[in-house]
Amino acid sequence: MGDVLDLLHHTVTSPWVYLVIIAVTAIDAFFPAVPGETVVITAGVFAAGGEPNLVLVIVTAAFGALVGDHISYAIGRGGGAHRLARLPADSRRRASSEWARRAVDRRGGMILTTARYVPGGRTAVTLTMGAVRYPARMFLLYDSLACATWGIYCALLGYFGGLAFEHNPVSGLLAGVAISLAVTGLFEAVRWGRRRAHARAAARRDC
């Protein structure tokens, strides 16, 4: 374990870690299998000891996430928009796409900023916003806010975990990741509860 910790310490305290954070958080935005949160939290844990720099961890995490979200948006805008336009006017998928467009038009900013904290969910939202051609300027505005707050959240989560477990960084890292998973699970539970409530309300209206 000591050798693994030493290797991790040398990697995270290297100047190259900032490029790693940018690359991983960018890829995570459109390929959710890459652990973006874990990398930022890990860097935050070690930032409590002085290296890497906490502010640079936040900035690079937010920048990487912003780049990745825009790649996802561009993929949706380039491929999804053409497919949606070819759907038959009376098809169920066309109706669903129109519903998504209206939802994004009304609450796009709130949906985007909330989805950034849900792995996988943010990818679906950014792809959809591109496919329904949500205005690029508004997407940049709301996504910048979402990525900045996400970067601060993940980095500080690791940082304070590192301070709490100053003499045992492995425990601090595990605690930070566990809290991140718990918060993500809470968001998923809230979304599930809201879907159930909407479904029950729709069922009552149909009766």
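The entries below go from the ground rules to the salt bridges, then to one threonine and the record.

**Ground rules.** I am reading a predicted model, in which local features need pLDDT of at least 70 and side-chain atom pairs count only at pLDDT 80 or more, while totals for chains, interfaces and linings use all residues. Residues are numbered from 1 along each chain as its sequence is written, and side-chain values use heavy atoms, with hydrogens and water left out.

**Salt bridges.** I searched the whole structure and got 3 salt bridges (a side-chain nitrogen of Lys or Arg within 4 Å of a carboxyl oxygen of Asp or Glu). Side chains of opposite charge can pair when their charged atoms come close.

**Arg-122.** I noted a salt bridge from Arg-122 to Asp-28, with 2.4 Å between the closest N and O atoms. The two residues are 94 apart in the chain, Arg-122 being in helix 6 and Asp-28 in helix 2 (residues 17–30); helices here are DSSP runs of H or I, at least four residues long, numbered from the N terminus. I then found Glu-37 in a salt bridge with Arg-122, at 2.9 Å from N to O. Glu-37 belongs to helix 3 (residues 36–47), 85 residues away from Arg-122. I recorded Asp-28, Glu-37 and Arg-122 as one network of salt bridges.

**Buried or exposed?** I checked Arg-122 and Asp-28, and both are buried (under 20% relative accessible area, with a 1.4 Å probe and protein chains only). Arg-122 has a relative accessible area of 2%, so it counts as buried. Glu-37, at 10%, is buried too.

**Asp-69.** I looked up Asp-69 and found a salt bridge to Arg-116, the closest N and O atoms lying 2.9 Å apart. Asp-69 is in helix 4 (residues 54–85), and Arg-116 sits 47 residues away in the loop between helix 5 (92–115) and helix 6. Asp-69 is buried at 1%, and Arg-116 is buried at 1%.

**Thr-126.** I placed Thr-126 in helix 6 (residues 121–131). Its relative accessibility is 0%, so I list Thr-126 as buried. Beyond its neighbours within four places in sequence, its contacts (heavy atoms within 4.5 Å) include Asp-69, Tyr-73 and Phe-139.

**The record.** I read in the unreviewed UniProt entry that "transmembrane region" is placed at residues 16–34, 54–76, 139–160 and 172–190; such annotations may be inferred rather than shown by experiment. For residues 54–76 I got 100% helix and 0% strand, with the end C-alpha atoms 33 Å apart. For residues 16–34 I got 74% helix and 0% strand, with the end C-alpha atoms 18 Å apart.

Note on methods: Buried means under 20% relative accessible area, exposed over 50%, partly exposed in between (1.4 Å probe, protein chains only).
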